[in-house]
Amino acid sequence: MKGDYILAAGKKKEIPIPDGAEVYDVTGMTVLPGLIDSHCHFLWMGVNMIRTVNIRDTPSLKAALEKIKQKAKETKKGDWVLGIGYDESKWPENRYITKNDLDVLSMDHPMMITRICGHLVSLNTKAMKIADITHTTLDPQGGKIDKGKDGEPTGILKDCRYLVEPYIPAVTEEMNVEGLKVASDHALRLGCTSIGDAGLGADGLRAYQTAFDKGYLKTRAYIMLNDTVHKHSYDLGVRTGFGNDMIKIGATKLLMDGSLGAHTAALFEPYTDDPATKGLLRMPEEELDEKAKNAHRNGNQLAIHAIGDYAIECVINSISAVLKDKPRKDHRHRIEHCEVLTANQIERIKELGIVPAVQPNFVGEWASPGSMYEQRLGEERNKLNNPFRVLLDEGITVTFGSDGMPFNPIYGIWSAVNHSIKESRISLVEAVKCYTFNSAYASFEEDFKGSVEPGKLADIAVIDRDLTEIPPENIREAKVYMTLVAGKILYHKGL
Ligand SMILES: [Zn+2]
């Protein structure tokens, strides 16, 4: 490589090494294009690494509560205790956290503990008091305040955390910038050289620019605009692709449903483990149509969150309508997550050239027999969930991202190769391509990154073993040996 770019690629003997070149021997390792997590919440992840208690890997509800209690002890009385990452489906208790669980830990701190999906939060009584959530509070549009048999709120909010968030002290700009620094270093350790930040407003954009100016931002960012700002981007005349190869304005991000974990992904048929619900739409279909049309007319790419088959149907209809309204050839409109799919929807996705932006690690986390997906969907419908093999066989460009659950591309690759539904497995090479070239495609950048080829940016991840020689089930044990961005070694395991 020379400067920021790759000069030549091939086997050792094929490439003459110029005098004075630095040579690194990586025999027995795997040289991959820098991994691109096309959907995560990078800024949010970094800030959370600084200010919250992460209860993601706790073995039980009891253990999680113990960690929260400890955090409360370290927190000044009256200040909020914030937790993230809880996944009740991994606990023997297998239930959401309620106010009763939290109230016994501390009555002096308001608490908000966010489920791993981000769509469900658990509050203690003090937090509900502050946010004025009582037995008379009505469910907002697209959300649900869970209530017990006594009619009192249980502390569980589904898809309406915004009822509480205004009462939590806002994240400062310094915290955002520091968060990006922490997130960026974390990403490099995992071989990730580019990310798609799936939905930010003005504060987020500002933080990215500051972090870039200070030299903190080392991973390339494709920043999707959330609902609060995408209208302003039209006023500014800014659209998808504006920026440089470090920071770029990405798609317009819209949310159509919730998550399977929170029973809020919108399905055609009821949930198997809760037949009273089919999930929720975050907005009426007409509103989605209108927002999608405006973004598309502005020249933006769309990135619409839809997990359940019903929400996906609405999104496909919307995209189809905007393309009729104003045809555009290379739109690369994306459906974020795009999980529970019917055969007809796969056909339409192919015809319309939609890019499913899926999370292979979700499969690793929740798709094994008897686990969360099967509980929610039942055995038969679960087979339609995350059908990577069919999507690739149809010639659809699938892009991989983690959504931060966990943020770790190698784990995602392992999950796709070892999909618990055998018919949906893909090969190692295919999985790597989804996490590199296809992710570059999903941000209109495959001309200059996403593969190790002369002329492309020298973003490289070196993995500490030969991935093609190890049993597929062992891929997740592989570690990143070295990460380069624009030809510079920014992470080295040995250093
Ligand atoms: Zn997301």
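This is a predicted model: local features need pLDDT of at least 70, side-chain atom pairs count only at pLDDT 80 or more; totals for chains, interfaces and linings use all residues.

Trainee: Zinc to start, then. What are the protein donors of the zinc ion?
Mentor: H39 and H41, each through NE2, plus D403 through OD. They lie 2.1 to 2.2 Å from the zinc ion.

Trainee: How are those donor residues spaced in sequence?
Mentor: The pattern reads H-x1-H-x361-D. H39 sits in strand β2 and D403 in the loop between β15 and α14, so that pair ties together parts 364 residues apart in sequence.

Trainee: Is H39 buried or exposed?
Mentor: Buried, with a relative accessible area of 0%. D403 is buried too, at 11%.

Trainee: Switching to helix α5. How far apart are its end C-alpha atoms?
Mentor: They are 25 Å apart. At 1.5 Å a residue, the 17 residues of α5 (173-189) should span 24 Å, so the two values agree.

Trainee: Which residues of α5 are buried?
Mentor: N176, V177, G179, L180, A183, S184, A187 and L188. Looking down the axis of α5, the buried residues fall within an arc of 160°, so they line one face of the helix.

Trainee: And what covers them?
Mentor: The cover includes helices α1 and α6, along with strands β9, β17 and β18. Just after α5, by the way, G191 takes a positive phi of about 80°.

Trainee: Now the aromatics. How many aromatic pairs are there?
Mentor: The count comes to 8. One of them is Y86 with W91: the ring centres are 5.6 Å apart and the planes are at 10°, under the 30 degree cut-off, so the pair is stacked. Y86 is buried at 0% relative accessibility, and W91 is buried at 3%.

Trainee: What about F400 and Y435?
Mentor: That pair is edge-to-face, with 5.7 Å centre to centre and 75° between the planes. F400 is in strand β15 and Y435 in the loop between α15 and α16, so the pair ties together parts 35 residues apart in sequence. F400 is buried at 0% relative accessibility, and Y435 is buried at 0% as well. Elsewhere, ring pairs link F362, W366 and Y373 into a cluster.

Trainee: Last one: where does R389 lie?
Mentor: In helix α13, residues 388-393. Residues that R389 touches include E423, R425 and E430. A polar atom of the R389 side chain lies 3.4 Å from the backbone oxygen of R425.

Technical notes
Residues are numbered from 1 along each chain as its sequence is written. Side-chain values use heavy atoms; hydrogens and water are left out. Helices (H or I, at least four residues) and strands (E, at least two) are DSSP runs, numbered from the N terminus. The expected span of a helix is 1.5 Å times one less than its number of residues. Buried means under 20% relative accessible area, exposed over 50%, partly exposed in between (1.4 Å probe, protein chains only). The arc is that of the directions from the helix axis to the C-beta atoms. Contact means heavy atoms within 4.5 Å. A polar contact is a pair of N or O atoms within 3.5 Å; within protein, one must be able to donate a hydrogen and the other to accept it, and residues adjacent in sequence count only if both atoms are side-chain atoms. Donors are N, O and S atoms within 2.8 Å of the metal (3.2 Å for Na, K and Ca); water is not among the atoms, so sites may look incomplete. Rings of Phe, Tyr and Trp (its six-membered ring) pair if their centres lie within 6.5 Å; planes under 30 degrees apart count as stacked, over 60 as edge-to-face and the rest as tilted. Lists of a residue's contacts leave out its neighbours within four places in sequence.
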